[in-house]
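Reader: I've got a protein model open and I'm a bit lost. Can you show me how to read its inside?

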Amino acid sequence: MSAKLGEILVRENLVTPQQLREALDYQRTSGGRLGSNLVKLGMISDDVITAVLSRQYGVPSINLDLFHIEDEVIKLISQEVALKYMVLPVSRNGSTLTLAMADPTNVFAMDDIKFMTGFNVEPVIASEASIQMSVGKYYGGSNQIDIFDAAIALETEKAAAALKSGKNGKNGHSKNGSKASASLKANISADDIDVSLGNFDFEVHEGEDFEVVEENEEIDLATLARASEDAPVVRLVNILMVDSLKRGASDIHVEPYEKDFRIRFRIDGVLYDVMHPPMKIRDPLISRLKIMSKLDISEKRLPQDGRIKIKVRIDDRSRELDFRVSTLPTLFGEKVVLRLLDKEKLMLDMSKLGFEEESLEKFQRNIANPYGMVLVTGPTGSGKTNTLYSALQTLNTPETNIMTAEDPVEFNLQGINQVQMKEQIGLNFAAALRSFLRQDPNIILVGEIRDFETAEIAIKAALTGHLVLSTLHTNDAPSTVSRLVNMGIEPFLVATSVNIIQAQRLIRRICAGCKEEAHYPPEALVEVGFSAEEAGSLKMYKGTGCDICLNTGFKGRVGLYETMEIDDELRELIIIGASSIELRKKAIEGGMITLRGSGLAKLRQGITTVEEVVKETVL
């Protein structure tokens, strides 16, 4: 073993031939292993020896300083046996015991421990010095614990420095170079890393601001240890999750490229670069997310969907958060997107969503009908789910049976029967709807109308005494009618079943902390949609950027709503096959506020900027 290790070290220019000879001479007089002697003589570090041995024997390495081992596991092996064989039990998963060993070729040690414990032994490599220190810590007194705490602090500083260098080095610069992105990066600090040590592997100390606790997770440490620098990866995942909550992010994007690895947060609908971690942690980090989501880490060819539940402690208050996880195979690895489902951000008070007074009155009047269809349309991320949940919350009474078919179920609502779609076993929207009609429902929510079959059953339900709420992906309210007809639904069925169609968008609010007046030429405001008289006297605003909004000038979002109530005149036009342009014209004559009109109302109130309204709406 020694000669082979020495040859590898010399071949890889990790030590010189002269240093190897000196170490071998020292070994002959003092005994011990060659690797340990090289470390004692200061010729090489423990980490390098461990990495070389890991490659040499094909056994994963582990840094014991970064793990907390349960007392029940430690008790499986006596201190005498641990020192005799220079081993330490790390974890037990079922009938397998993960054993840290300085010499993973010592089959006698593995056989003895297998016989003593009754468990199968799975070896991982650790340095002799770290095993000795850990034996002192777990089998000894408080002095060793102090040393262990110091080692944690040192490792934390190293991890913080590594993160900072990853963010500020050649791979760490934000592509857009924005102040907002820089501010986001700066806020992932050593303090965050230090606290996150308590999230999964260590006890949380009193006085910390938050704590992340995984629920219902059993992880084999030996499997995790196969990935290089496992503990820093666990810590980085925890930091990303907690930091996304702090920054108010709705999504975390983990994106692998050929020579880059990028992580971005979506905040108020806009993606910002957060960091570019080293390429070597790409696969371990993605595997960690998949393990937490209960996904198959061996399946990298197909998309997968999962969920992560965590608890976050902020200001002595525990909050439960859900992350919806989606993986997608790309050219250079799997892209992972985590959607943060924070119950506290779910706004169930319809009066605070951003409705204009007339639009809100129309919407409330139509969801109060005993039957018919209410359709909410818009692109992904436009707040459709929030609007429908708000409507359900308004309608949710002990006298009402509410059934929902969703894909996925984003939030659990008390008193509402929610069904998760599972296409792989044939439970789709159409199948769920058929079953709902045999469950004596009053109100049915269909997550999305995607095909003719679902649309047909939903419309029949609306025509037979049920209130049906659903969503479609269309650009505006009038074009929804054309979309249903193109799916194969007869125009007269659309006209008689649909009560109201509401299109919506989300735009960013100006940050209240840095809001100031902005000057636009009257001609530009007329071009946006204001009258010439109004354009001359209007005051517009913008955000200059501050710490509160991470220098973006925006904080939070508000909805734009186009609410088209289907009255008798519109029904006649739908039956004769009128175009969406004709429907739009008639609806505006009847008092419909368009998406652009809703945006102009927000501008008059000083809630948003001209650029935001122009970006999301058309005249």
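Author: Let's go through the core, a strand and a pair of helices. Keep in mind that this is a predicted model.

Reader: Okay, the core: which residues have the most contacts inside the largest one?

Author: The general idea is that in soluble globular proteins, nonpolar side chains tend to be buried together. Here the largest nonpolar core has 54 residues, and M373, L375, I449, L484, V498, I501 and M564 have the most contacts inside it. Helix α18 (residues 452–463) gives the largest share of this core, six residues. Apart from it there's another core of 31 residues, including V237, L240, F265 and V325.

Reader: What does I501 touch?

Author: Leaving out residues up to four places away in sequence, its contacts include L375, V481, M564 and I566.

Reader: Next, strand β16: why is it largely enclosed by the rest of the structure?

Author: Because eleven of its 13 residues, in the run 498–510, are buried. Strand β11 (residues 372–377) pairs with β16 in the parallel sense, over five bridges, and T377 has A503 as its bridge partner. Strand β19 (residues 554–565) runs antiparallel to β16, joined by ten bridges; there, L506 is partnered with G559.

Reader: And how do I describe two helices that pack together?

Author: Two packed helices are described by the angle between their axes and the distance between the axes. Take α17 (residues 429–436) and α18: their axes come within 8 Å and cross at roughly 20°. Angles under 35 degrees count as roughly parallel, so α17 is roughly parallel to α18. The crossing is left-handed.

Reader: Which residues meet there?

Author: F429, A430, L433 and R434 of α17 meet E453, T454, I457 and A458 of α18.

Conventions. Residues numbered from 1 in each chain as written. Predicted model: local features only at pLDDT ≥ 70, side-chain atom pairs only at ≥ 80, totals over all residues. Heavy atoms only, no water. Core = buried A, V, L, I, M, F, W, Y, C linked by side-chain atoms within 4.5 Å. Buried < 20%, exposed > 50% of the residue type's maximum accessible area, 1.4 Å probe, protein only. Helix = DSSP H or I, 4+ residues; strand = E, 2+ residues; numbered from the N terminus. Contact = heavy atoms within 4.5 Å. Pairing = 2+ DSSP bridges. Axes fitted to C-alpha atoms, helices over the stretch in contact; angles between N-to-C directions. Parallel < 35°, antiparallel > 145°, perpendicular 65-115°, else oblique. Left-handed = near helix turned anticlockwise from the far one by under 90°.
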